[in-house]
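Trainee: I would like to learn how to read a protein model feature by feature. Please give the general idea each time, then the case at hand.

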Amino acid sequence: MKGQPLHQRNYYQIKDADQVIAVSEGFTRAGDVKGGTGVAVKLAIQKRIPVYILDQGGLDDNLPPGVKPSRTPQELSSRWFVYDYELERFRPTTKTPTLSKATAAIGTRDLNSAGKKAIHSLFKDLPDVKP
C-alpha cells in the first residue's frame, strides 16, 4: 500500500507528543488541515492534546469554517489557530504557542518567509538556540 509508510510516519510523529505545532498551507472547506500534515493533526486531535496550526498561506479562502477573513496585511501574512475541543474546530488565536519537552513540530516542506518567521519566534526565548 503506497500511503502506508506516510501514515506510519504521521503516527510516530505524534505518538509521544504532549502537543502538536504544525505549519500548513491552510484548511480544506471542511475545516481540516490540508495535505499530509492534516493526517497527523487528526491523530493528535484524537489524542486530545493541544494542536496549534500556523496558516502560512494567509489566504482567506483557506480558512476553517466560522473564521472571519483578515483585514490587515499583517493578519494575511500568517495566522495561528488552536483546536478548540468544545467547539470541535480550529479557531484563531493571538497566542504564540510555547514549546514543551514533547512538542511534535510538523508541517509543510515549503516554508515561506511567514512560516520561517513564526518558527524563529518559537525558539527565540530558548537558551542556547540560535535561529
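Trainee: What is the mean pLDDT of the protein, and which element has the lowest mean?

Mentor: This is a predicted model, and low pLDDT marks coordinates that should not be read in detail. Here the mean pLDDT of the protein is 81, and 76% of its residues reach 70 or more.

Trainee: Which residues have the most contacts inside the largest nonpolar core?

Mentor: In soluble globular proteins, nonpolar side chains tend to be buried together. In this protein of 131 residues, 37% count as buried. The largest nonpolar core has 19 residues, and those with the most contacts inside it are Val20, Val41, Ile45, Val51, Ile53 and Phe90. At least two residues each come from E1, helix H2 (35-47), strand E2 (51-55), E3 and strand E5 (103-107). H2 supplies the largest share, four residues.

Trainee: Which residues does isoleucine 45 touch, leaving out those up to four places away in sequence?

Mentor: Isoleucine 45 touches Val51, Tyr83, Tyr85 and Phe90 on that count. A second, separate core has eight residues, including Ile21, Leu54, Val82 and Leu122.

Trainee: What is the volume of the second largest pocket, and which residues are closest to its centre?

Mentor: The volume of the second largest pocket is about 330 Å³. Its lining has 17 residues, and the closest to the centre are Arg9, Gly35, Gly36, Thr37 and Gly107. Helix H1 (4-14), E1, H2 and E5 are the elements that give two or more residues to this lining. H1 gives the most, with five residues.

Trainee: Which residues other than glycine have a positive phi, and where do they lie?

Mentor: Most residues other than glycine have a negative phi. Arginine 48 has a positive phi of about 65 degrees, and it is found in the loop between H2 and E2. Glutamate 88 also has a positive phi, near 60 degrees, and lies in the loop between E3 and strand E4 (89-93).

Trainee: Are these two residues buried or exposed?

Mentor: The cut-off for exposed is over 50% relative accessible area. Arginine 48 has 56%, so it is exposed. Glutamate 88 has 62%, so it is exposed as well.

Trainee: Is aspartate 84 buried or exposed?

Mentor: Buried means under 20% relative accessible area. Aspartate 84 has 15% relative accessibility and therefore counts as buried. Aspartate 84 is found in strand E3 (residues 79-84).

Trainee: What does the side chain of aspartate 84 reach, and which residues is aspartate 84 in contact with?

Mentor: The side chain of aspartate 84 reaches the backbone nitrogen of glutamate 86 at 2.9 Å. Leaving aside neighbours within four places in sequence, aspartate 84 is in contact with Arg89 and Arg91.

Methods: Residues numbered from 1 in each chain as written. Predicted model: local features only at pLDDT ≥ 70, side-chain atom pairs only at ≥ 80, totals over all residues. Heavy atoms only, no water. Buried < 20%, exposed > 50% of the residue type's maximum accessible area, 1.4 Å probe, protein only. Polar contact = N/O pair within 3.5 Å; in protein donor to acceptor, adjacent residues only side chain to side chain. Contact = heavy atoms within 4.5 Å. pLDDT = per-residue confidence, 0-100. Core = buried A, V, L, I, M, F, W, Y, C linked by side-chain atoms within 4.5 Å. 1 Å grid on protein atoms, 1.4 Å probe; cavity = no way out; pocket = protein on both sides within 12 Å on 5 of 7 lines; lining within 4 Å. Points joined across faces, edges and corners; volume = space filled by probe spheres on them.
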